[in-house]
Amino acid sequence: MAKDFYTYDEIEIGDKASFSKTISESDVYQFAGITGDFNELHINQVAAEASLFKSRVVHGCLADSLVSTVLGMKYPGRGTIFMEKSVSYVKPVYLGDTVTAEITVAEKREKGRVLFDVSYKNQRGEEVIKGTALVIAPRG
């Protein structure tokens with residue numbers, strides 16, 4: 001059985017974890033409803049086809065939110081406190097894309113803080129989002 005959390009002392013530089021999800025039309029509509037972001041690039045195919053993307057795209061923040069699953073549910077896991085996040089949107093994520101958010105431990109800081117490099121790739125292995133996340137790791 002996999003552990004449900006890793007303490008600061010168990011975390012090592014270079015450790016990795018990931019989570020993948022295929023983002024559906026339903027996910028996009030639900031996210032639009034929750035956030036109120038009904039930008040036509042996300043919900044209107046005709047308007048999106050006339051854009052530089054040529055098709056509907058997933059909200060950047062929706063795709064980027066997958067890191068919360070990795071950090072809160074996998075590594076470090078239960079009890080992790082999210083402190084900061086910085087991202088750059090490199091390429092669009094389209095409806096139906098499978099996005100994998102992968103974290104890599106970059107640095108251990110004082111007071112239980114851990115800095116992760118974060119990379120999001122689509123099903124073709126193309127990086128679509130990159131950034132960093134700072135958390136407070138669980139205590140034993």
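## Exercises on a predicted single-chain model

The chain has a secondary structure of five helices and five strands, where helices (H or I, at least four residues) and strands (E, at least two) are DSSP runs numbered from the N terminus. This is a predicted model, in which local features need pLDDT of at least 70 and side-chain atom pairs count only at pLDDT 80 or more, while totals for chains, interfaces and linings use all residues. Residues are numbered from 1 along each chain as its sequence is written, and side-chain values use heavy atoms, with hydrogens and water left out.

### Exercise 1. The chain as a whole

Task: describe the order of the elements and the extent of the chain.

Solution. Step one is to read along the sequence, which gives the pattern β-α-α-α-α-α-β-β-β-β. Step two is the extent: along its principal axes, the C-alpha trace spans about 50 × 30 × 25 Å. Step three turns to contacts (heavy atoms within 4.5 Å): of those in the chain with a separation of 6 or more, 66% are between residues 24 or more positions apart. Step four is burial, and here buried residues (under 20% relative accessible area, with exposed over 50% and partly exposed in between, for a 1.4 Å probe and protein chains only) make up 36% of the 140 residues.

### Exercise 2. The largest nonpolar core

Task: find which residues of the largest nonpolar core touch the most other members.

Solution. Begin with the term itself: a nonpolar core is a set of buried Ala, Val, Leu, Ile, Met, Phe, Trp, Tyr and Cys residues joined through side-chain atoms within 4.5 Å. The largest such core has 27 residues, and Ile23, Ile103, Phe116 and Tyr120 touch the most other members. The elements that give two or more residues to this core are H1, helix H4 (60-64), helix H5 (66-74), strand S3 (98-108), strand S4 (113-121) and strand S5 (127-136). Next take Tyr120, whose contacts, not counting residues up to four places away in sequence, include Ala63, Val67, Val99, Ala101, Val128 and Ile129. As background, in soluble globular proteins nonpolar side chains tend to be buried together.

### Exercise 3. Backbone geometry in loops

Task: locate the cis peptide bond and describe the backbone of Lys54.

Solution. The peptide bond from Tyr75 to Pro76 is cis, with omega near 0 degrees, and Pro76 is placed in the loop between H5 and strand S2 (81-89). Lys54, in the loop between helix H3 (45-49) and H4, has a phi near 70 degrees, a positive value in a residue other than glycine. Lys54 counts as exposed, because its relative accessibility is 56%.
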